[in-house]
Amino acid sequence: MLLWFIVTIVTAIACAALYYAATRRSVNAAADDSAATNRHFQAVLATIDADRAAGKLGDVEAEAAKGELAREIMLHKTENTDAEKGILFGGNAAFAAVLAVGVLALGTYQLVGSPNMPSQPLAGRADAAAAIDIKQAVARIETELASNPDDLRGWRVLAPVYMQSGRYADAAKAYRRIVDLGDMTANAQTDLGEALLMQAEGDASGEPMELFRKAVALDPSDVRARFYIAGELTRTGDFPAAVSAWKELLALSKGDEPWVPTANRGLKLAEADGVVDSAADTSADDQAAMIEGMVSGLATRLTDQGGPIEEWVRLVRSYLVLGDKQAAQKTYDAAVKAYPKTFDRADLDSIAAAGELTLEEPSHDIAIPNQKKGWTRKQKRLAVIAGLAIVVGLATTLVLVALRDQIVFFYTPSDLSAHDVAPGQAIRLGGLVKDGSWVRDGENNTFVITDGGAEVKADFVGILPDLFRNGQGVVAEGSMTPQGDFAATNVLAKHDENYIPKEIVDSLKARGEWRPEAGAAN
């Protein structure tokens, strides 16, 4: 029943949105959505550049991420090329159409739907990642840029793809176009310098060095630019300047970045004026062993403790870079078991498809680290009931608190002596006016209220009721003063038992003070 309630509410909301869109405004899918999408892709690209600059992503990882972003941009542009302006419907026609959609949706689910139906197994799903074709995406973007060379977003997507593909000359042209179109940020300067450096096979002299220095001037925390500057100074033999550059770079680190060991070796080499003994030199095999050790440590931690999807992505990519496809496949299988939902591992599936890894159905009898189980139906129902109980309890508490100040309690003089009533608290005081106690001075009245057991002096400013007199029943509203007197704000005189509160009558009768004949006179 709860499911049908939720389905009905969701359907009603969806139908209301459709009705509003059809009757109130026209829809132009290509206009406003384009600007929002541009900002989205720019934000994603900036995040990739920031992560690479901060050392969170390596060059290979960053280029792969930018390649995937290029594919998304291509798909988006293709889908929105033929978007046309929507047609406004009349109110009655729109209402009828939306109503038909809602009835059809609920009716269809009633016939064929089942909330207990299991999800489709992964093996039966279309592997979207396998359909990725980077070359096709690049070709489409190049065609669009040929017709619109001022498309800054297109160049930003295409440039890192060129870098990843080893087309350094094309990458340099693309990054230069980005700078020419107005992107004068430190990342843009560093990207262009990096492309020129790779085109020159590692020679950063000339324009690349100028670009790196300009990037550092714009952003002193640009790690990539500082790294290339220190490396070029070391390569050209300017060791004093290289020492300062390496130290400035290391001062920006927290100590656990992947580039720190390389920077430390560069500093040692510069401090030794480029002369390093063979024992301290790190060969290519040693470097490979060090990288494999770092990857192995990450793999051990993920296997034993689990981890976020980003670390699984990093590990699979690292194995692919090292050429260990078997380990990459094994890691990919473990990641799929830890994150069975395709939505959670979109980046991972893309990298796996590019590396020709296969997707297998995860086994449900394998313990997965840090895998959270969903709530059962009973637990969800109990949670809803508990939530409603809390809401009702809070509402009741608020109502009682709000009413507390509106409640006026009734007391007799004997009750006041037995209870501690705070001065200023609104109460009702009832009893008899003590014989001979009423003193009037204009509108100022003083009298004593008694119930035969206790007495309270009362003061009232105003005109008293006609029935008010000594020995008469009375109920007064007001509050106690700090001196122990009663300050009345309203006085009601009662003339017989039928009109005097039962509490007063019972109190007077219990003490032998009840005199109905005294109140009968008018």
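1. Angles under 35 degrees count as roughly parallel, those over 145 as roughly antiparallel, those from 65 to 115 as roughly perpendicular, and the rest as oblique. The angles run from 0 to 180 degrees between N-to-C directions, and the axes are lines fitted to C-alpha atoms, for helices over the stretch in contact. On this scale the axes of helix α8 (residues 186-199) and helix α9 (residues 207-218) cross at roughly 160 degrees and come within 8 Å. The pair α8 and α9 is therefore roughly antiparallel.

2. The model under review is predicted: local features need pLDDT of at least 70, side-chain atom pairs count only at pLDDT 80 or more, and totals for chains, interfaces and linings use all residues. Residues are numbered from 1 along each chain as its sequence is written, and side-chain values use heavy atoms, with hydrogens and water left out.

3. As to overall content, the protein chain has 19 helices and seven strands. Of the 522 residues, 34% count as buried; buried means under 20% relative accessible area, exposed over 50%, and partly exposed in between, with a 1.4 Å probe and protein chains only. The accessible surface of the chain is about 30,800 Å², and carbon and sulfur atoms hold 57% of that surface. Areas come from the Shrake-Rupley method with a 1.4 Å probe; for residues, only the protein chains shown count as cover.

4. Contact is taken as heavy atoms within 4.5 Å. Among contacts in the protein chain with a separation of 6 or more, 59% join residues 24 or more positions apart.

5. A crossing is left-handed if the near helix is turned anticlockwise from the far one by less than a right angle, and right-handed if clockwise. On the α8 side the residues are A186, Q189, T190, L192, G193, E194, L196 and L197, and they meet E207, P208, L211, F212, K214, A215 and L218 of α9. By class, this contact has nine nonpolar, three polar and three charged residues. Ala, Val, Leu, Ile, Met, Phe, Trp, Tyr, Cys and Pro count as nonpolar, Asp, Glu, Lys and Arg as charged, and the others, Gly among them, as polar.

6. Helix α6 (residues 152-165) packs against helix α7 (residues 168-180) at about 155 degrees, with the axes 8 Å apart. The two helices α6 and α7 are therefore roughly antiparallel to each other, and their crossing is left-handed. From α6 the contact draws on L152, W155, R156, A159, P160, Y162 and M163, and from α7 on Y168, D170, A171, A174, Y175, R177 and I178. The contact of α6 with α7 holds 11 nonpolar residues, no polar ones and three charged ones.

7. Helix α11 (residues 239-251) and helix α12 (residues 260-271) also deserve a point: they pack at an angle of about 155 degrees, and their axes lie 9 Å apart. This angle makes α11 roughly antiparallel to α12. The crossing of α11 over α12 is left-handed. Taking part are F239, A242, V243, W246, K247, L249 and L250 of α11, together with V260, A263, N264, G266, L267, A270 and E271 of α12. These residues of α11 and α12 divide into 10 nonpolar, two polar and two charged.

8. The loop between α11 and α12 includes P258, which counts as partly exposed at 47% relative accessibility. P258 and L57 are 201 residues apart along the chain, and their C-alpha atoms are separated by 9.2 Å.

9. V60 is found in helix α3 (residues 59-80) and, at 47% relative accessibility, counts as partly exposed. Leaving aside neighbours within four places in sequence, V60 is in contact with R317 and V321. V60 and S318 are 258 residues apart in sequence, with a C-alpha to C-alpha distance of 9.1 Å.

10. In strand β7 (residues 486-494) lies A488, a buried residue with a relative accessible area of 11%. Not counting residues up to four places away in sequence, A488 touches D459, F460, A476, E477 and G478. The C-alpha atoms of A488 and V475 are separated by 9.7 Å, the two residues being 13 apart along the chain.

11. In helix α16 (residues 346-354), L348, D349, S350, I351 and A352 are buried. E356, which follows α16, has a positive phi, near 60 degrees.

Notes. Helices (H or I, at least four residues) and strands (E, at least two) are DSSP runs, numbered from the N terminus.
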